[in-house]
Amino acid sequence: MTATTDETWTAGSPGALGPTGRPRPVFPEPPTPESHGPARVVAMVNQKGGVGKTTTTINLGAALAEVGQKVLLVDFDPQGALSVGLGIDPRPLETTIYDLLMEEPDVTAEDVLLGTSVEGMDLLPSNIFLSGAEIRLVNEVAREYALQRSLEPLLPYYDICLIDCQPSLGLLTVNALTCAHSVMIPLECEFFALRGVALLMESISKVQERLNKNLEIDGLLATMYDPRTLHAREVLATIMQGFGDKVFHTVINRTVRFPDATLAGEPITQFDPGSMGATAYRELAREVLARWPARL
Ligand SMILES: Nc1ncnc2c1ncn2[C@@H]1O[C@H](COP(=O)(O)OP(=O)(O)O)[C@@H](O)[C@H]1O
Ligand SMILES: [Mg+2]
């Protein structure tokens with residue numbers, strides 16, 4: 001694999017080899033949608049923690065909203081990091097995604113829905129109560145479909161729904177995979193990036209066979225890439241060997257601006273709009289929009 005520099009991967013150098021070793025296609029400027037919905041549902045999954053699921057959910061969501069898509073984010077991790085990253089303290093919230101899953105009487109999806117600082121992007125928050133859902137759902141009939149039932153009334157109003165999953169392949173993640181049209185898998189460009197991915201693929205296959213035959217894998221997203229280190233380049237080359245065209249052309253570099261933006265409770269596209277991180281997520285938004293069919 002050829003050495004890459006920061007310059008070769010950024011948008012604007014079409015034809016040059018990107019960090020994945022393939023020529024970079026030019027992704028077209030997406031047209032502004034004239035009408036909205038129903039939403040394509042995308043699960044952000046990797047049972048490893050700290051690989052960039054939450055960061056990608058926030059920033060891809062914000063980049064999609066910037067180009068006129070109506071975006072619904074679902075915090076499906078009891079840690080509530082997605083909510084926190086959007087400047088919302090989920091601890092005191094009385095209604096969360098948990099109430100929808102449990103079909104609490106008198107709680108509607110509208111009651112749980114929160115706006116965000118990004119125009120066109122809303123959030124279904126979660127907090128630690130969600131950790132009780134897994135146990136309570138076990139005895140439910142059609143327990144894998146609880147999230148689908150919860151989201152159904154909202155999907156006609158959005159174009160894209162991103163579900164930020166917890167780091168596990170348990171029942172909550174199976175719920176996300178069951179209601180999703182597709183899966184995105186962030187992978188940190190570090191040692192052991194691929195550890196556990198075979199198990200994840202197995203879980204996805206099982207869901208495809210038993211619960212959701214239309215589930216697709218959108219792609220694997222290399223995150224926290226440092227083009228200056230041989231190690232990161234080798235890891236990315238290994239990811240390419242394993243998954244080839246399933247790997248997104250867009251690669252997210254490692255930069256401290258991401259944790260900084262999380263602390264500020266803002267997507268990087270707002271916190272530092274001209275940064276390389278913001279540019280990368282805008283590029284990812286164009287790449288996914290080019291891949292997804294215009295209408296479901
Ligand atoms: N590209 C990146 N560069 C540097 N730090 C990042 C990057 N992406 C995420 N982070 C940081 O790494 C940590 C884990 O990321 P996060 O998105 O929360 O992972 P996950 O949701 O998979 O557990 C967070 O502190 C986040 O701010
Ligand atoms: Mg997370």
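How many bridges join strand β2 to strand β4, and in which direction do the two strands run? Four bridges join β2 (residues 71–76) to β4 (residues 121–124), and the two run parallel. Leu-72 stands opposite Asp-122 in β4. Helix α2 (residues 53–66) packs on the sheet, touching β2 and β4 among other strands. Its direction makes about 165 degrees with that of β5. Axes here are lines fitted to C-alpha atoms, for helices over the stretch in contact, and angles run from 0 to 180 degrees between N-to-C directions.

This is a predicted model: local features need pLDDT of at least 70, side-chain atom pairs count only at pLDDT 80 or more, and totals for chains, interfaces and linings use all residues. Residues are numbered from 1 along each chain as its sequence is written, while chains are lettered from A and ligands numbered from 1 in the order in which they are written.

The protein chain has 13 helices and seven strands (DSSP runs numbered from the N terminus: helices are H or I, at least four residues; strands are E, at least two). The seven strands form an open sheet with mixed pairing, ordered β3-β4-β2-β5-β1-β6-β7. Two strands pair if DSSP finds at least two bridges between them. β3 and β7 stand at the edges with a single partner strand each, so one side of each is left without a neighbour in the sheet.

| Strand | Residues |
|---|---|
| β3 | 114–115 |
| β7 | 216–223 |

Of the 296 residues, 49% count as buried (20 or more other C-beta atoms within 10 Å of the residue's own, C-beta atoms being placed from the backbone). The C-alpha atoms fill a box of roughly 60 × 35 × 35 Å along the principal axes.

Definitions and conventions
A residue is buried if 20 or more other C-beta atoms lie within 10 Å of its own, exposed if 12 or fewer, and partly exposed in between; C-beta atoms are placed from the backbone. Two residues are in contact if their C-beta atoms, placed from the backbone, lie within 7 Å.
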